[in-house]
Amino acid sequence: MSNMVDRFLRLGEGDQTAEEADRIRAIRLAVLSTSTPWMMVANLFNATLTIFVFRGSPSSLAVYIICALIIALALYTSLSWWRNRRRGTRERASLRGTIRTVIYAGILSGLWAALDVFAYHSANETQRMVLIALTVGMAGGGGFALATIPPASIVFCGTVAIGAGVALSRDPSIVGAYLFALYLVFAAIIIRSSLAVCRSLTERVRAKIAADEQRAVIGLLLNDFEENAADWLWGVDSDLNLERASARFYEQLQVPENMILGRPITSIIPFSSVGFEDLDYRGNFINSLQSRQSFRDQDICVELGGELAIWSLTAKAMYDQNGNFKGYRGVGRDVTANRESRLRIEHMARHDPLTEVGNRVLLSEDFDRAVSRYQRFGDAFSVLVLDLDRFKQINDSFGHAGGDEMLRAVASILSQLRGETDTLARIGGDEFAILHASGEDPQSAAVLASRIIDKLSQPINLRCGLVHVGVSIGIACAPIDGTDPDQLMRNADLALYRAKTEGRNRYRFFDSSLDAVARRRNMIEQELALAIAEESLNVHYQPLVDTQSRRVVCAEALLRWNHPTLGAISPAEFIPIAEESGQIGTLGSWVLRQACRDAANWPDDIRIAVNLSSRQFLSPGLLPLVENALQQNELPANRLELEVTESLLMETTIGVEQTLASLKRLGLRIALDDFGTGFSSLSYLRRYRFDKIKVDQSFISDLESNSDSRAIVDSVIRLARDLKMSVAAEGVETTGQFELLRQMGCGEIQGYLAGRPMPIDKFEDYLRQNSTSVQRLYA
């Protein structure tokens, strides 16, 4: 029972928390209190009217007593309200306030119900009409007046309804039944409306409470923001005069509040005459203010205590209900540290960390700007691609620290030589690029390149000592060689490649023939990959003949390529392409296996010689490859001779020495090819044990006519003999050369005199025809 009563008293509070219900209940009681005087006036007037109407009635005594009680209750209630009218609204109200209101509604409605019970039966028609009007009016007025307290409204309407029902039940006419039914409908409407009014009030109260809480939170946050945050608040009036600002703003300016309040904000802010990025910060800020539109993150440059700083200002334009501009309310903050960090990050993203010159990102951006200037104004430009000529040797000699120091020194020199509007960028390990504004003089790029070559041809003084570096330069000019950045860089690279192949330490301009060469090179690279996959290349063999017995003792495997559409392609053309494209390893492996397969069918006293590239020699798979080729073809290891070049020996690594030693342990012969060219050093002969030295043909071609060549060859032969190495001479074409070499003690000769390179079938025929000795050597 008590639970049902509690639920009844809490009508309209079903979805509220206890704290929320107390706060909303206080507001509902306060709303009821505001309507109390009018309710009491209505009760006093109606009671007085009833006394007047029932004067002389048989039930007048009961009417007088009841009306007197109503008047007394109304007066008492009015007096209580008057005494408490100045008290503030309570923030919370307990359920006791609802209970008191329900009891009060029950007493007041009970008096009006009693009036119907005691007076309606003996009343005349006029008096009955008054009672019906009073009953309906008081039920409706009281129900709606108590609508904010649904239990009280229900009790008031219900009690009045009970009284009306008792009074009408004593009247047997059908009119009384109709009146009672109509009253019940009217009471139900009043109660339902009361609940709806209560629900609507609850929603409004909830919204108001939420808004108050939000304002309180915002207020706390703003107070905390002003006290603790590095940002500051500011506001100006419609004339852009400073109207308000937080203490942090005055601290930033180091000026008292009373000295600047009311002054134009544009005259208060200490704009700097020199700003970052050459922007008109003051003008931009004034334009933003005068636009009377909200703005966000407006940067301005200020000068505080002799130092530059960046402020970021955000403001909301304020307008009144009539659309009149009232000023700005905004926030500001010092973003100097953030801006400096951003500038550092942007600098790092566009510059090489080692040399502090630009990188590819900066070059690409400036390339786009240069193309845009050309398209708009016709400003010509050129790009110079530079490659240091001896960087690897310097890096190997002095280590990475020495190489880095040299790169910084070169970058410093290039920075001094380039024009003010030129862009210098490091685009690779030892590669630089200069985007040069040529102007109206197309030869200015050549002048710049000549100055760079002259300067870098001079020794550079490093902490580790003097170094000689040199540089090769390729130049492409816009619009002659194109305007697309990628195309210009590609054309400059082609010109650089030409400069390096022609002897280095020079510059070359791009021309269309280089593009044709590049297209042919790309075609050869693609076709070579296909030829390797299809094994459509050929191995030819050139004989090496013993000078004393004139018998064939060895054959060198030489690769040949006869392309179906390009025709015969020289090894001098496709071998470098294979090395640069990384296909030399696969190609060399195939040649080694094919040579071993062919040599297995030759007489046992004839060796096979195979050239090894540097990349193939340094590959970790070389030893397994050689062992597999020998085992598969059942070729004795002493019949295989591997030829290496002097350039390989410059790789002064433990790997070179270990690989040579491992090959020797297999029983192979190792030959040093093209001895006397490149970087010949006697230290190689002492450090690495070779079985054979092959004297380059450049010393053999003028052997008969040049005494210097004869002296060099004779010295090499005697040196090899002392080191227990055999000697083979390359490029022997005449019997005179052959006789001189034989007299000097050269062990083997190779050249057109003995035989040209031949395919396998012709070489085997050659062996059969010269099985005892090579007859042409007797001519």
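## Helix 19 and helix 21

Helix 19 and helix 21 cross with a right-handed sense, and this crossing is read from a predicted model. Two packed helices are described by the angle between their axes and the distance between the axes. For helix 19, which covers residues 584-599, and helix 21, which covers residues 622-633, the angle is about 25 degrees and the axes are 9 Å apart. Because angles under 35 degrees count as roughly parallel, helix 19 is described as roughly parallel to helix 21.

The residues that meet can be named on both sides: helix 19 brings Ser-589, Leu-592, Arg-593, Cys-596 and Arg-597, while helix 21 brings Leu-625, Val-626, Ala-629, Leu-630 and Asn-633. Sorted by class, this contact of helix 19 with helix 21 holds 6 nonpolar, 2 polar and 2 charged residues.

## Helix 15 and its surroundings

Helix 15 runs over residues 444-456, and its 13 residues reach 18 Å from the first C-alpha to the last, close to the 18 Å expected at 1.5 Å a residue. The buried residues in helix 15 are Ser-444, Ala-445, Ala-446, Leu-448, Ala-449, Ile-452, Ile-453 and Leu-456.

Which elements do the buried residues of helix 15 pack against? They pack against helix 14 (391-417) and against several strands, namely strand 6 (381-388), strand 8 (431-436), strand 9 (460-462), strand 11 (471-478) and strand 12 (507-509).

## Helix 14 against helix 15

Helix 14 and helix 15 pack at an angle of about 145 degrees, and their axes are 10 Å apart; the crossing of these two helices is right-handed. From helix 14, the residues Val-410, Ile-413, Leu-414 and Leu-417 take part, and they meet Leu-448, Arg-451, Ile-452, Lys-455 and Leu-456 of helix 15. By class, the contact of helix 14 with helix 15 has 7 nonpolar and 2 charged residues, with no polar residues.

Helix 14 also contains Glu-405. Is Glu-405 buried or exposed? Its relative accessible area is 13%, and since buried means under 20%, Glu-405 is counted as buried. Leaving aside residues up to four places away in sequence, Glu-405 touches Leu-462, Arg-463 and Cys-464.

## The chain as a whole

These helices belong to a chain that has 27 helices and 21 strands. Of the 779 residues in the chain, 44% are buried. Among the contacts in the chain with a separation of 6 or more, 65% are between residues 24 or more positions apart.

Notes
Residues are numbered from 1 along each chain as its sequence is written. This is a predicted model: local features need pLDDT of at least 70, side-chain atom pairs count only at pLDDT 80 or more; totals for chains, interfaces and linings use all residues. Side-chain values use heavy atoms; hydrogens and water are left out. Axes are lines fitted to C-alpha atoms, for helices over the stretch in contact, and angles run from 0 to 180 degrees between N-to-C directions. Helices (H or I, at least four residues) and strands (E, at least two) are DSSP runs, numbered from the N terminus. Angles under 35 degrees count as roughly parallel, over 145 as roughly antiparallel, 65 to 115 as roughly perpendicular and the rest as oblique. A crossing is left-handed if the near helix is turned anticlockwise from the far one by less than a right angle, and right-handed if clockwise. Contact means heavy atoms within 4.5 Å. Ala, Val, Leu, Ile, Met, Phe, Trp, Tyr, Cys and Pro count as nonpolar, Asp, Glu, Lys and Arg as charged, and the others, Gly among them, as polar. The expected span of a helix is 1.5 Å times one less than its number of residues. Buried means under 20% relative accessible area, exposed over 50%, partly exposed in between (1.4 Å probe, protein chains only).
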